[in-house]
Amino acid sequence: AIAFSTLLMHVFGDVPSPIIVGTLKDIWAPHCTPEHIADDDKNDDIEIPDECDHEQTALRTVIAFIFCWLLLSPLCYVVGYLMASYKLLTWTAPFQKTSAPTMREDFANKGLYQ
């Protein structure tokens, strides 16, 4: 079960997430792709185009999307915990006493108090 759970986490999380984030970046900020610049002295540099300056808001939107997506996981865990706690309480409630008897009631049941 643990191996299957780990497999599903990778298949639905780790594998598609870079593809999805890259696609969103390409759609919302298409000019912010680094360009490879080859120099004569064998030093390869990477340059970001000037058009990217106008797409900073779009890049922040992509990062905000990632942040909101990551907040979804703890929210789901909290909702699942609350639902499981509620079900546990409702399933076990018929088997629990509603309240413990007081000392006076206990003595009265044993005939020690009148």
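Colleague: Which residues make the nonpolar surface patch of about 1,000 Å²?

Modeller: In this predicted model, the nonpolar surface patch of about 1,000 Å² is made by Ile-20, Ile-27, Trp-28, Phe-65, Trp-69, Leu-70, Leu-72, Leu-75, Val-79 and Met-83. The elements that give two or more residues to that patch are α2 and α3, the latter running over residues 56–92.

Colleague: And which element gives the largest share of it?

Modeller: The largest share of the nonpolar patch comes from α3, with 7 residues.

Colleague: Take Val-79, then; where is it, and is it buried, partly exposed or exposed?

Modeller: Val-79 is found in helix α3, and because its relative accessible area is 43%, Val-79 counts as partly exposed.

Colleague: What about Ile-27, buried or exposed?

Modeller: Ile-27, which lies in helix α2, has a relative accessible area of 57% and is therefore exposed. Along the sequence Ile-27 and Val-62 are 35 residues apart, while in space their C-alpha atoms are 10.0 Å apart.

Colleague: Let me step back to the whole chain; how many helices and strands are there?

Modeller: The chain has 4 helices and 2 strands, and read along the sequence they follow the pattern α-α-β-β-α-α.

Colleague: What percentage of the residues count as buried?

Modeller: Of the 114 residues of the chain, 8% count as buried. The accessible surface of the chain comes to about 10,200 Å², and carbon and sulfur atoms account for 67% of that surface.

Colleague: And what part of the contacts is between residues 24 or more positions apart?

Modeller: Among contacts in the chain with a separation of 6 or more, 37% are between residues 24 or more positions apart.

Colleague: Switching to charges, how many salt bridges does a search of the whole structure find?

Modeller: The search of the whole structure finds 1 salt bridge. Lys-25 forms a salt bridge with Asp-26, and the closest N and O atoms of that pair are 3.2 Å apart.

Colleague: Where does Lys-25 sit, and what is it in contact with?

Modeller: Lys-25 has its place in helix α2, which covers residues 16–28. If neighbours within four places in sequence are left aside, Lys-25 is in contact with Pro-30, Cys-32, Thr-33, Leu-59 and Val-62. For a further pair, Lys-25 and Ile-63 are 38 residues apart in sequence, and the C-alpha to C-alpha distance between them is 9.2 Å.

Colleague: Which side chain of opposite charge is nearest to Glu-55?

Modeller: For Glu-55, the nearest side chain of opposite charge is that of Lys-25, which is 6.7 Å away. Glu-55 is buried yet has no salt bridge.

Colleague: Why is there no salt bridge to Glu-55 at that distance?

Modeller: A salt bridge requires a side-chain nitrogen of Lys or Arg within 4 Å of a carboxyl oxygen of Asp or Glu, and for Glu-55 the nearest side chain of opposite charge, Lys-25, is 6.7 Å away.

Colleague: What else is in contact with Glu-55, and where is it in the chain?

Modeller: Glu-55 lies in the loop between β2 and α3. With neighbours within four places in sequence left aside, Glu-55 is in contact with Ala-29, Pro-30, His-31 and Cys-32.

Colleague: How about His-54, buried or exposed?

Modeller: His-54 has its place in the loop between β2 and α3, and at 73% relative accessibility His-54 counts as exposed. His-54 and His-31 are 23 residues apart in sequence, with their C-alpha atoms 9.0 Å apart in space.

Colleague: Last topic; which residues gather in the patch of negative charge?

Modeller: The patch of negative charge on the surface gathers Glu-35, Asp-45, Glu-47, Asp-50, Glu-51 and Asp-53. One of them, Asp-45, is found in strand β2, which covers residues 44–47, and because its relative accessibility is 38%, Asp-45 counts as partly exposed.

Terms used. Residues are numbered from 1 along each chain as its sequence is written. This is a predicted model: local features need pLDDT of at least 70, side-chain atom pairs count only at pLDDT 80 or more; totals for chains, interfaces and linings use all residues. Side-chain values use heavy atoms; hydrogens and water are left out. Contact means heavy atoms within 4.5 Å. Patches are made of residues with over 30% relative accessible area and no salt bridge: like charges are joined within 9 Å, nonpolar side chains (Val, Leu, Ile, Met, Phe, Trp, Tyr) within 5 Å. Accessible areas come from the Shrake-Rupley method with a 1.4 Å probe; for residues, only the protein chains shown count as cover. Lys and Arg count as positive and Asp and Glu as negative; His and the chain ends are not counted. The place of a charge is taken as NZ of Lys, CZ of Arg, CG of Asp or CD of Glu. Buried means under 20% relative accessible area, exposed over 50%, partly exposed in between (1.4 Å probe, protein chains only).
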